[in-house]
Amino acid sequence: MTVSERGRRSDGEAMCPHRLVLEHVTSRWGVLVLIRLLERPYRFSELRRAIGGVSEKMLTQTLQTLERDGLVHRDAKPVIPPRVDYSLTGLGREAAGQVRDLALWTERRMDDVTAARQAYDEARAR
């Protein structure tokens, strides 16, 4: 557990550890990493380019967290220059499939969400 996670833990999270894993899997970068790694293993720099907009620090933290949770495998090859590949574990593929389905659902239903938001905003403006 990272220092920031310890600082954020509440009694509810201590009693329900699945909440922390859910937070990791559904975080902004966690979702994108998992979905991208469904395609194939990636080197760090490839993954960063493929995702876009993520800092080196955030990608590193996200990969470490997902690795700790057993979702991502880090394969460091003893070559020069160093080569590190990231891939999904079996557990990671299962989680990534669920996250991908949710992401696809949001794409399919975005028009409905947009209409709901507009109706909500119009009702509040009256």
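User: Is L71 buried or exposed, and what is its relative accessible area?
Analyst: This is a predicted model, in which local features need pLDDT of at least 70 and side-chain atom pairs count only at pLDDT 80 or more, while totals for chains, interfaces and linings use all residues. Residues are numbered from 1 along each chain as its sequence is written, and side-chain values use heavy atoms, with hydrogens and water left out. Buried means under 20% relative accessible area, exposed over 50% and partly exposed in between, with a 1.4 Å probe and protein chains only. L71 is therefore buried, with a relative accessible area of 4%.

User: Which residues does L71 touch, not counting residues up to four places away in sequence?
Analyst: L71 is found in the loop between α6 (56–68) and β2 (72–77), where helices (H or I, at least four residues) and strands (E, at least two) are DSSP runs numbered from the N terminus. The C-alpha atoms of L71 and L91 are separated by 5.5 Å although these residues are 20 apart along the chain. With contact taken as heavy atoms within 4.5 Å, the residues touched by L71 are V25, L34, L66, S87, L88, T89, L91, G92 and A95.

User: Which residues does G70 touch, again leaving out those up to four places away in sequence?
Analyst: G70 lies in the loop between α6 and β2 and, at 28% relative accessibility, counts as partly exposed. Its C-alpha atom is 8.8 Å from that of L88, a residue 18 places away in sequence. The residues in contact with G70 are T89, L91 and G92.

User: Which residue in β3 is the bridge partner of V72?
Analyst: Two strands pair if DSSP finds at least two bridges between them, and β2 is joined to β3 (residues 83–88) by 6 bridges, with the two strands running antiparallel. They form a hairpin with 5 residues between them. Within this pairing A76 stands opposite V84, and the bridge partner of V72 is L88.

User: What angle does the direction of helix α4 make with that of β3?
Analyst: The open sheet consists of 3 strands in the order β1-β3-β2, with antiparallel pairing. At its edges stand β1 (42–43) and β2, each with a single partner strand, so one side of each is left without a neighbour in the sheet. Helix α4 (residues 28–39) packs on the sheet and touches β1, β2 and β3. Axes are lines fitted to C-alpha atoms, for helices over the stretch in contact, and angles run from 0 to 180 degrees between N-to-C directions; on this basis, the angle with β3 is about 95°.

User: At what distance from the ring centre of Y42 does R40 lie?
Analyst: A charge sits over a ring if NZ of Lys or CZ of Arg is within 6 Å of the ring centre and within 35 degrees of the ring normal. Y42 is also among the residues that L47 touches, a set including V33, L37 and L63. R40 lies over the face of Y42, and its distance from the ring centre is 3.9 Å.

User: Near what omega value is the peptide bond from I80 to P81?
Analyst: Most peptide bonds are trans. P81 is found in the loop between β2 and β3, and the bond from I80 to P81 is cis, with omega near -5°.
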